[in-house]
Amino acid sequence: MINQLVKSAGIGALFLCAVSATRLYAAEKPRILVLCTGNSARSQMAAGFLKSMDGRLELFSAGTAPAPRINPNAVQVMKEVGIDISSGVPKNVSKFLGDSFDFVITVCDDADRDCPNFRGKVGRRVHIGFIDPAKATGTPEEILAVFRKVRDEIRVRFSEFYKKDILPTM
């Protein structure tokens, strides 16, 4: 069929077919799992930022010991920057062990240390650690200040990671 196309339309058609095939391959969505301990704050915020950066990403977040619900402070500070993570539900990483991912990113030292072995293929495992804002103490405003600081750190480091490591794979 390609020979017929080249004979009738010329070499330009062959080039167009090659470009189309390349675009089709590049259109696959990178699969990314962001892993934390409780899956209630840092991993939810990181996944929220990545989703806001590129809708082509297929994002998941999970925890090694998931909390019963997403942390309301994480929801609040993300809403302040225009990202709604209120529908996030903490999930156990065991749900994803058979899945394949282009990136598994741990965002806390405990999850990095306790990261399980995946039966599915993992392209790259990366650790980008942050302190746990859920452990902050003080007044409600002091606690929110810690959540905001961690949120801003996540935004900066995940933006850099997206530009340097994820985007070139697409």
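The text below covers the sheet, then the helices.

The model is predicted, with local features requiring pLDDT of at least 70 and side-chain atom pairs pLDDT 80 or more, while totals for chains, interfaces and linings use all residues. Residues are numbered from 1 along each chain as its sequence is written, and side-chain values use heavy atoms, without hydrogens and water.

An open sheet is formed by 4 strands in the order S2-S1-S3-S4, with parallel pairing. Strands (E, at least two residues) and helices (H or I, at least four) are DSSP runs numbered from the N terminus; two strands pair if DSSP finds at least two bridges between them. S2 (58-63) and S4 (122-127) are the edge strands, each with a single partner, so one side of each has no neighbour in the sheet. From one strand to the next the twist averages 20 degrees.

S1 (residues 31-36) and S3 (residues 101-106) share 4 bridges in the parallel sense. Val-34 has Ile-105 in S3 as its bridge partner.

Angles run from 0 to 180 degrees between N-to-C directions, and axes are lines fitted to C-alpha atoms, for helices over the stretch in contact.

| Helix | Strands | Angle |
|---|---|---|
| H3 (residues 42-53) | S1 and S2 | about 155 degrees to S1 |
| H6 (residues 140-166) | S1, S3 and S4 | about 150 degrees with S3 |

H3 and H6 also pack on each other, at about 50 degrees and with axes 9 Å apart. In H3, the residues that meet H6 include Phe-49 and Leu-50, and those of H6 include Ile-154 and Phe-158.

Technical notes
Contact = heavy atoms within 4.5 Å.
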